[in-house]
Amino acid sequence: MESTGGPYLNTAAVTSPVGIARLLQMMFGCTTFSLVAHKGGFSAAYGTFCMFVWTFCFAITVFIITCEFTHLHSCLTISWGNFTAAFAMLATLMSVTAAVIYPLYFVQLDCYPISCEVRDFRIAASVFAGLLFLVYAAEVFLTRAKPGQVTSYMATVSGLLKIVQAFVACIIFGALVNDSQYGKYVATQWCVAVYSFCFVVTVVVVAFSVTGKTSLLWFPFERSVVIYTLAAVLLYVSAAVIWPVFCFDSKYGSAQRPASCAKGRCPWDSQLVIAIFTYVNLLLYIVDLAYSQRIRF
């Protein structure tokens, strides 16, 4: 049987700079979770999260390499460019989080109460976790949209920021459920509504881009995204004003951390984390709005 569509295998998938970066991701990811599973060890929610990140990113990376090497991605009913760009950004954020959390909670310089062998395995796993983050960041750098280039939406600065915004929102939600006392005032409940609404719409934008279904919408996708981003900026401005007032003003809360607060279970700590990441997401949406005026996709 003769092939009429070119070679069956795409060697550029493993020989191009992006392909080499993905091979390194696969190698570093496998090495990291193997070191932890073999001797390094993990425990509690933090350790489980790190193992999930490394195994999840490894599995998706193997899937991407296999599909591109065998041209199977052409059989999928998704926008492949949007999917790979979105995953690279998500993997970068998840891997840098795991690269910080694991050594913070599991690495120590002395051998007591763990053995020196376990300590060495944990240090090695932390090093490879850092390398894993670097190669995912390298892929984002290599595949990002260049100035004036017509490309997939998720490869643009605006598209990549959508992933970061959703990730930051997840951090806010994590702090909200950790005894943040957000139900104490209607004003703070409004802030939760702002976080939830913006997160849901951002995820919907990413989902439509990755699935390639934007052309099925009865309204212009590009203009709608810009309008939503403007609305998100205004909503986050309201949350950035309201949340600190109702949490840290002496009339409603406490400007300083209460001395009686237990470490790890202090509402004031959660409120501070939420306030910080509210301003982080506000800045991200402002930058997103600025860049969305210039992109073509």
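Colleague: How many degrees lie about the S-S bond in the link of Cys111 and Cys116?

Modeller: First the general idea. A disulfide is a covalent bond between the sulfur atoms of two cysteines. Here the test is a pair of cysteine sulfur atoms within 2.5 Å. In this case the angle about the S-S bond is 100 degrees, and the link of Cys111 and Cys116 is right-handed. Their sulfur atoms lie 1.8 Å apart. The structure holds one disulfide. A caution: this is a predicted model, in which local features need pLDDT of at least 70, side-chain atom pairs count only at pLDDT 80 or more, and totals for chains, interfaces and linings use all residues. Residues are numbered from 1 along each chain as its sequence is written, and side-chain values use heavy atoms, leaving out hydrogens and water.

Colleague: Next, charges. How many salt bridges are there?

Modeller: The rule asks for a side-chain nitrogen of Lys or Arg within 4 Å of a carboxyl oxygen of Asp or Glu. By it the count is six. Take Arg22 and Glu139: their closest N and O atoms are 3.0 Å apart. Arg22 lies in helix 2 (residues 17-40) and Glu139 in helix 5 (residues 116-143), so the pair ties together parts 117 residues apart in sequence. Helices here are DSSP runs (H or I, at least four residues), numbered from the N terminus.

Colleague: Are Arg22 and Glu139 buried or exposed?

Modeller: Arg22 is buried at 5% relative accessibility. Glu139 is buried at 2%. Arg22, Glu68 and Glu139 are linked in a network of salt bridges.

Colleague: Which helices does the pair Glu117 and Lys39 tie together?

Modeller: Glu117 lies in helix 5 and Lys39 in helix 2, so the pair joins parts 78 residues apart in sequence. The N to O distance is 3.8 Å. Glu117 is partly exposed at 42%, and Lys39 is partly exposed at 35%.

Colleague: And the whole chain: how many helices are there?

Modeller: Nine helices, with zero strands. Of the 297 residues, 40% count as buried.

Terms used: Helices (H or I, at least four residues) and strands (E, at least two) are DSSP runs, numbered from the N terminus. Buried means under 20% relative accessible area, exposed over 50%, partly exposed in between (1.4 Å probe, protein chains only).
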